[in-house]
4 protein chains.
Amino acid sequence: MMTPEEYRESLKRMNFKAYALGEPVEEPTEHPLIIPSQNAVAATFEIGQTEDSCSALGSCASHISGQSISRFTHTHRNTQDLINKVKMQRELGQRTGTCFQRCVGMDALNALSSTTYELEAEMGGESNQRFMAFLEHVQQNDLVSDGAMTDPKGDRSKRPHQQPDPDVYLHVTEKRSDGIIVNGAKLHQTGALNSHEIIVMPTMSMKPEDEAFAVSFAIPADTKGITYILGRQASDTRKMEPGTMDRGNVIYGGQECLVVFQDVFVPWERVFMCGETRFAGILVERFAGYHRQSYGGCKVGVGDVLIGAVAALMDYHGLSKVSHLKDKLVEMIHLNETLYACGIACSAEGYETPSGTYEISQLLANVCKLNVTRFPYEIARLAQDIVGGLMVTMPSEFDLNHPEVGPMMQKYLACSSGINTVCRLRMMRLVENITIGAGAVGYLTESMHGAGPPQAMRIMIGRQADVEYKKSLAKRLAGIGSVVEETCACS
Amino acid sequence: MMTPEEYRESLKRMNFKAYALGEPVEEPTEHPLIIPSQNAVAATFEIGQTEDSCSALGSCASHISGQSISRFTHTHRNTQDLINKVKMQRELGQRTGTCFQRCVGMDALNALSSTTYELEAEMGGESNQRFMAFLEHVQQNDLVSDGAMTDPKGDRSKRPHQQPDPDVYLHVTEKRSDGIIVNGAKLHQTGALNSHEIIVMPTMSMKPEDEAFAVSFAIPADTKGITYILGRQASDTRKMEPGTMDRGNVIYGGQECLVVFQDVFVPWERVFMCGETRFAGILVERFAGYHRQSYGGCKVGVGDVLIGAVAALMDYHGLSKVSHLKDKLVEMIHLNETLYACGIACSAEGYETPSGTYEISQLLANVCKLNVTRFPYEIARLAQDIVGGLMVTMPSEFDLNHPEVGPMMQKYLACSSGINTVCRLRMMRLVENITIGAGAVGYLTESMHGAGPPQAMRIMIGRQADVEYKKSLAKRLAGIGSVVEETCACS
Amino acid sequence: MMTPEEYRESLKRMNFKAYALGEPVEEPTEHPLIIPSQNAVAATFEIGQTEDSCSALGSCASHISGQSISRFTHTHRNTQDLINKVKMQRELGQRTGTCFQRCVGMDALNALSSTTYELEAEMGGESNQRFMAFLEHVQQNDLVSDGAMTDPKGDRSKRPHQQPDPDVYLHVTEKRSDGIIVNGAKLHQTGALNSHEIIVMPTMSMKPEDEAFAVSFAIPADTKGITYILGRQASDTRKMEPGTMDRGNVIYGGQECLVVFQDVFVPWERVFMCGETRFAGILVERFAGYHRQSYGGCKVGVGDVLIGAVAALMDYHGLSKVSHLKDKLVEMIHLNETLYACGIACSAEGYETPSGTYEISQLLANVCKLNVTRFPYEIARLAQDIVGGLMVTMPSEFDLNHPEVGPMMQKYLACSSGINTVCRLRMMRLVENITIGAGAVGYLTESMHGAGPPQAMRIMIGRQADVEYKKSLAKRLAGIGSVVEETCACS
Amino acid sequence: MMTPEEYRESLKRMNFKAYALGEPVEEPTEHPLIIPSQNAVAATFEIGQTEDSCSALGSCASHISGQSISRFTHTHRNTQDLINKVKMQRELGQRTGTCFQRCVGMDALNALSSTTYELEAEMGGESNQRFMAFLEHVQQNDLVSDGAMTDPKGDRSKRPHQQPDPDVYLHVTEKRSDGIIVNGAKLHQTGALNSHEIIVMPTMSMKPEDEAFAVSFAIPADTKGITYILGRQASDTRKMEPGTMDRGNVIYGGQECLVVFQDVFVPWERVFMCGETRFAGILVERFAGYHRQSYGGCKVGVGDVLIGAVAALMDYHGLSKVSHLKDKLVEMIHLNETLYACGIACSAEGYETPSGTYEISQLLANVCKLNVTRFPYEIARLAQDIVGGLMVTMPSEFDLNHPEVGPMMQKYLACSSGINTVCRLRMMRLVENITIGAGAVGYLTESMHGAGPPQAMRIMIGRQADVEYKKSLAKRLAGIGSVVEETCACS
């Protein structure tokens, strides 16, 4: 396993083609907009380390090599693994207060491990063999993978093969003896520029006509032909300012990219699916399922940070005993723990697939994520209620450092309690970050749309709940069938 | 283990002193108000039977005798036991569509098993020995126990020993060589008249001055000096009418009693706590915790019935494909499964106590129950939305059977779809039962107040969540401590 | 205007054909199931009386005769009339704690006054003349009218004229020189048996092919061929028991009937619409709009009673100062007043129609009613939270009066505070009545479905809000149109 | 009345001492962070202009001079004025999509008009005379006033006169023959730098000991001794970047300042309250009441913009007919109109004070604002649900203009429908602005805390609702008083 420092060094050796704010990025590891997001990924290299108090969460034994590996490169062997995954994610959410980006790769590895197994078992070929070789490579080198799924989709009323511009779904444009050529793009790529590998998967289930679009593979993230364009986040340029206070989260941040593939070559040994349309939907559903489980951990950890920030401000304001504020704090905790309960439950109810990899309960994972599209917003609202309006009206750190107005701020924005005014303001900025700033991208909007929008969960929930069985329960208790026949004699 | 029939027979042999609607009840097992509630308890004797498809949930091996026993008499040995308990409860909620009453006894046994163990370990005496003998008796005879906790409490601003009438807290009025005499009452006793034994516990934590009130014991439910007064439920007398349709739930129902103890004698071998005030609060907290977990199973099962009833009515009405109705049905399922997730999660996160009995996660069990005080109400509201207003405006079964107006109802209340009109009306009555009738007592009001009111959960959640740790997380990310000192130099 | 006593006498002179619980009802005014509902209608005859403190709300000057009339027979002449209507309804909801049933007639009169005016203006005939004569008759005799709209509707996928059994929509089966013959039924007829007149209206907008179904008229409620079948309500038979406590509301109740029309003759002078299909939808929309406004008054009044009951129980329990309970009480008030605000606002934003009758704001009236489908449920949930579980576990009034168990109840269900135990129990029964008993029919389920189900409001809200205008606002602020063109040059 | 251009010119003539981002602001009217907020205030000078379609809302006749004046300088003479105020605010919210800042001054004028009237009537002096002279000055010169209320408050457990640093409450430090000297600060001063006058009011009710703090006056905003420090908002520096797209709202923005008073001189003719502690609370309550009403207009207008933006994106995405999205759009409208209904209702229920100025219904204005602390958050959540995650992952306008990556964005972020991709992205940025950017300061956090935090409304609602009367209603219906006596004979 790599240390955080080795991870940073490994990234420096890569050769990305990237843009941010309309400028080429020469060295991502030195770009102030990107550094906080790399810090967050680096935290995933701390948690597996033996000296870390949570090393048991962050590392585990590889079922391939038997060696100790990062849980982020592991495929789950039992329900305890699934539970530990969620606990590790909560821990990292607590440490970083933001999205630490490495879960999409973990979830992609797990989804591929069982899907390629079944694909190869049913259709022959080398899908699973290739994947297992890739997995071993990832485990041995402790690599970060970007799990790339969402295509632009173009005209939503048309299937992939019907699109005027087929590139709106990433697809195979040429098959060669040594590999394939692909074109297209992936949206919303969390942490892409911080990854060693990109694992591409189809964006949805495919029909036989969409053969060229049923493609899955993994390649190094700096492969020729790939362009990264950094997405913009609320208040992002505060990361480029001198000072740290106004960033809110002084260490960590998230990252989203638009990733474009232009005539990118993928060697056959890295191709896991190429035209087996029947397995596209299975892969998508499993990846989405794992990722919906993930949110029951990582967002809960960020919620813990927000709860802590609010509780600290209650202390600073001398209001820790005020009944209605305590009540709101408990409500924040309650909602946050409900999300966690869903993450744990869909893990505890997991089951083994033929590959030996454990799946989560799809029903409960979708329930988990649907709650995640709601509760963080309410938690954020309660946080703003408790901390007060100063969060959005206070002047900047520049003013605080100014010889004339700085003392005015010190005088008039002081706490009651011997607490350094700067601490109050810093804590407010952290709450701002998570509820209305750069951190809100991950804590709110990503909670809404990451791993699919709410309607995707609703469809899965309707499908997974056995409504027919529930009808039979009701009919028995209403005396239908036994007391009266359901169908009219007359009809 | 007893069969349902043997259970009914065993009750007939008991000699209760009971009242219902102002009349003495000669034979509870033949009273039309009580029979449905006995049917519900009897269902707990089906689920453990080997021929039952869920026997693995309903029965397990006794850790005392090694023999197969009902899970209702078992003390949980591992987290899988805790999970299976919740699954058994969901299954029974599905079968009965109501409260099946036997959980309070199971939860009392478990709470006593660890509490008496610790009490005896710390204070000496025979507390745990006596309890274990009682447990063996319950297991071998497959008995139903009423777990009796809630005292009337009188003046809430006064402690037990300060009450003008001390009987408002059940207490020891005399200690004799062969046992104790107790007086008082227990409110809200679910299924009391269907029980073989009553297990009495204190109603809350006690202080040294409240010694006489820190009392726990078990006695046969028909012990001399105990009077049962049946509580009244919405629409209860429909159970006494001819016909079954208007009952809604044609087989099952709940039961609540006011139980009065007048100079009741308890032999020492059945006394588990008598003055050890320090353990009163521990016992209460553990019992409440188990019972808050329980609601993540039983109420979910009733929710399944309600969802099924609503889905069946959508079929009957030819509206199964209507988008906004499907959406509401999915919302009902989502809320119901969120409760289940909480029930499972607090079980999966359980841990062993020194006695070997497993405790649930108190934090998540309280989160579970707090959600139970909310979601069933919203599920019921959505049910009423989907099924339509006829549920509360339709005439009675008497009218349906009347030669002149019956055909009018058949003509004008018919479904579109060849479905027997009576089935539509019966299904509506089932929804009425659960949302605004006798079943709503268990599904709604008991969801609110059973195992304690919402505020009790809020206090526990605030206490169990490690807010100090969360503050430290936030301070690190805001740069407090590292970048600036929290306390003013000046202060 | 009639006195309450005169109203009761006037009903005795009528000759209804009615059934309740499968038995013919000889004299509705003496039937214990019906008396409480007549008491509620009678309250509408108190509020207009000069000695009543609210006579200004209950009575006003007829724009026809100039005489003082009941507001229930008035057609609104200005926005103050609309506001006063809502205030009168709140007042009556407060007095009766239930549905007082006379609003449907008032709303039907108002909807017909403007619709028949426009119908006659456009299509000729005597529609408005006949209606005005009827209105004068109603005003002069201070009559109660049932506004009958909802048809059974049969197969919802078919239009009225396509139904296998056309009777599922009330319709004209014969036109004669002196009048028309109609057949069909009306569901959910609130207070029908307490009315002097029935005003029939179509159930929805009609197409030209549905000519026979576009029919509106008024006839005496005891006209030959009309049969009333009383609907059953939760806990309704408590009204037939001796004693009053268990009823909860000791004076008032609601009433719903299934009303069947078999070859009923309507003379032409009472026919307001007969085949003018284009006006059916207009009439429905206006009636529904007024009735959705109504709920912003009457249900608020019932909410006031529930809030008062809960506040009284907080007093009785000695808990009036407990912070979290006070907070919940304020939430109940807040939700209740939000409904009232909607009722007032849709009135204040009313406008004059060509007939001189004032219409409400359709947008805000639908917003009002959509909130009514939600907030009373939450208010009821909060009420149950505050008052405690005893509400559903307490024994009956029969037990309270029993020489042996009555004193036990007195002893163990006593309040802390010198309050008569019976008062506590009576108040609990009132809360039970409104939240889970006979009163819940009106306060909850009728709030959901009366004046149309939630989806009907959603459709109207979507239609009434000028979304196109809102889009133009957003485009201007986003710089679309000014800074960039909306349509691609390329497309 | 001034034109927008005259307004801008008038500001240029002022001589503010101001800071932004740690730098002195030489000329606020030319500072890119401030210009958008001045544009928003300037819009208030358009709406009163005769050529404007809404001039009837924006202007009215002065009751002093009879001349046409801006409604922002008017004191309300009747309920229609109160209603028109709300309508004007909605209109301006629609036009600007942000806080237009001039309401605090209007609300301060109205609150002072009645409070000074009563103060002078009771205590003598010239309070009202001075105020009326000031009002005439404001009306004749069409001035913008900042209504300055919120003090820093220091240690919340201490009264003003007990504070170690008395400056944490603005107060009189010297009384001179020609006027008073004041010191202190006001937080959260919306639009302060865009104002001609500052109207200072006490921050809360005062006790006799707090005499020095019961001070109210008006002075030119550029009076010597006043320092303005601009607050920082999410994504504020986007306003300083070239390009307009990433701002979201390309024209308008809000403004908040910390305003510090150092030995500021106020001539007696501008002092409205100086030591009359009994009237401090009345003034605060009235100002807060008007301002809570205001939010039922302005925030509704911003909500209209957000609804329009979301609806436009549904068009762009070709998803306008998708059932679940339409349903969410209707929910946004429903919540928004509920806020409006509360704004209208508290106006329609207004009443005249002795001064002739109309007060709103305090109960309903507080209900209005309490809903405003909730619904905009849910509206924003729904907006994010509908528009999709691209809102927070899309690259910047710089990238869009870049020759290499710009075409990639055009290709891969295109809409399906011939719509210019830039329009899609601009509209997304507008939604970002309002829900997670600079606009969210006004639409969300200010909705929470402006005019007081939620708890302030809850206290007022509890106080204004006549709970005792509601108790009496419940007692009558439960038979308490008539059937049984409330108090025990025995007690």
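I start with the rule: rings of Phe, Tyr and Trp (its six-membered ring) pair if their centres lie within 6.5 Å; planes under 30 degrees apart are stacked, over 60 edge-to-face, the rest tilted. I note that this is a predicted model, where local features need pLDDT of at least 70, side-chain atom pairs count only at pLDDT 80 or more, and totals for chains, interfaces and linings use all residues. Residues are numbered from 1 along each chain as its sequence is written, chains are lettered from A and ligands numbered from 1 in the order written, and side-chain values use heavy atoms, without hydrogens and water.

**Entry 1: ring pairs.** I get 24 aromatic pairs over all chains. One of them is A:Phe16 with A:Tyr228, edge-to-face, with 5.4 Å between centres and 90° between planes. A:Phe16 is in the loop between α1 (4–12) and β1 (18–20) of chain A and A:Tyr228 is in strand β10 (residues 226–230), so the pair ties together parts 212 residues apart in sequence. Strands here are DSSP runs of E, at least two residues, and helices runs of H or I, at least four, numbered from the N terminus.

**Entry 2: buried or exposed?** I ask this of A:Phe16. Buried means under 20% relative accessible area, exposed over 50%, partly exposed in between (1.4 Å probe, protein chains only). A:Phe16 is buried at 10%, and A:Tyr228 is buried at 0%.

**Entry 3: a cluster.** I find A:Phe131, A:Phe134 and A:Phe272 linked by ring pairs into a cluster.

**Entry 4: charges.** A charge sits over a ring if NZ of Lys or CZ of Arg is within 6 Å of the ring centre and within 35 degrees of the ring normal. I see A:Arg90 over the face of A:Tyr340, 4.4 Å from the ring centre. C:Lys369 lies over the face of C:Tyr295, at 5.3 Å.
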